[in-house]
Amino acid sequence: SVSRADRFTESVIREMTRLSLQYGAVNLAQGFPDFPCPDELKAAACQAINADINQYAITWGAPELREELSRRVKAYNGMEFDPATGVTVTCGSTEAMLASLMAVIRPGEEVVVPEPFYENYGPDTILSGAVPRYVSLGDDFSIDEEAWKEAFSKKTRAVVINTPNNPTGKVFSKKELSFIADLCVENNAIAITDEIYEHILYDRKKHVSIGSLPEMQDRTITLGSFSKTYSVTGWRVGYALAHPELTGRIRKIHDFLTVGAPAPLQQACAAALRLPESYYRELAESYDRKRRILFAGLKKAGFSCTLPEGAYYIFTDISEFGKTDVEFARHLVQTAGVAAVPGSSFYHTGGETKLRFTFSKKDETLQEACRRLETIA
Ligand code: GLN
């Protein structure tokens, strides 16, 4: 037998960042901002450190933060969680996903994963002992109801949802989520939903949390994070919201995995949740502008793509260029000086005709990337 670490490769997303640094490329591979986070967050973090909030927080999260989260989730996501029994603060949604899967999976149980999927979910299923059942979102990223029905069975323990979606930019509609919710209820399965991009939406799209649908609150684990909404990916603060019984199990795993998320930064994240509503509107507007800059540049350079509905990635088709995703990604870094992520990172098999670009960058960075991409046409 092989160790679990031998059953998956290192992250291609982070490998592309290293390659990008090596070639002095514009990094449109890893999804993190190259612009600063809000001043309010920096001030609150410094203040917490100066106030000597530098020792462990309570393992499942600072009370102030859990209270602010509970309030915010009620208002934005339409779900009620008691901060004492339903909210767990984690080291990013990365830890929240792994801890949630480890908390609910009995080895050998199946987890339905829509494909393409965020790279981490592959290793996450292996580490938790789950057997993944991939269900294709197809070329138009739609829900093929027959395929989804076939993927679910009595062996299904959970389904992993990610909306707005990385890498496709799909925003799951209420109708689609209701269909998935019915499958969860019929098969007594749990929805584990990664909603890290919940505030990054375009064209008046609305975010729907599957946990807010009828009969779903008790069988959903909702994951979120401060990383993308407040541009603090390096802080590593995320959370898991779940029924007390599920929360109890998530907290046990979380405690032994990490003890807790950084204490002073949890204070700053509580301050983030007190920002005015205008903050979220401006965030979405600014990403809408960035989305259009990159989209125009990619089109001009000959990529075939559509505008994403949410999140901050454009998933392109590269069939026209006559190279596989890995070859083409390498070629782009070395010759044009732009880094992107090979599509196969988001599939268990396939994806060789795709390439993912992020637009979570300053307008100038995106403009420079577009100029460089023109050289490949
Ligand atoms: N979620 C981001 C992406 O998909 C960052 C991944 C990571 O390195 N944690 O690029």
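## Annotated region

Let's start with the record: an unreviewed UniProt entry annotates residues 26–373 as "domain: Aminotransferase class I/classII large". UniProt positions follow the numbering used here, feature names are shortened, and such annotations may be inferred rather than shown by experiment. The model is predicted: local features need pLDDT of at least 70, side-chain atom pairs count only at pLDDT 80 or more, and totals for chains, interfaces and linings use all residues. Residues are numbered from 1 along each chain as its sequence is written.

Residues 26–373 are 40% helix and 16% strand, with end C-alpha atoms 10 Å apart. Helices (H or I, at least four residues) and strands (E, at least two) are DSSP runs, numbered from the N terminus.

Strand β3 (residues 110–115) runs parallel to β4, joined by 6 bridges. Glutamate 115 has serine 136 in β4 as its bridge partner.

## Two domains

An automatic or database domain assignment gives domain 1 (4–37 + 277–374) and domain 2 (39–272). Their centres, taken over C-alpha atoms, are 24 Å apart. Domain 1 brings 29 residues to the contact and domain 2 brings 32 residues, where contact requires C-beta atoms, placed from the backbone, within 7 Å.

On the side of domain 1 that touches domain 2, α1 (12–23), α10 (277–300) and β9 (313–317) each supply at least two residues. Helix α10 gives the most to this side, with 6 residues.

Key: Two strands pair if DSSP finds at least two bridges between them. Two residues are in contact if their C-beta atoms, placed from the backbone, lie within 7 Å.
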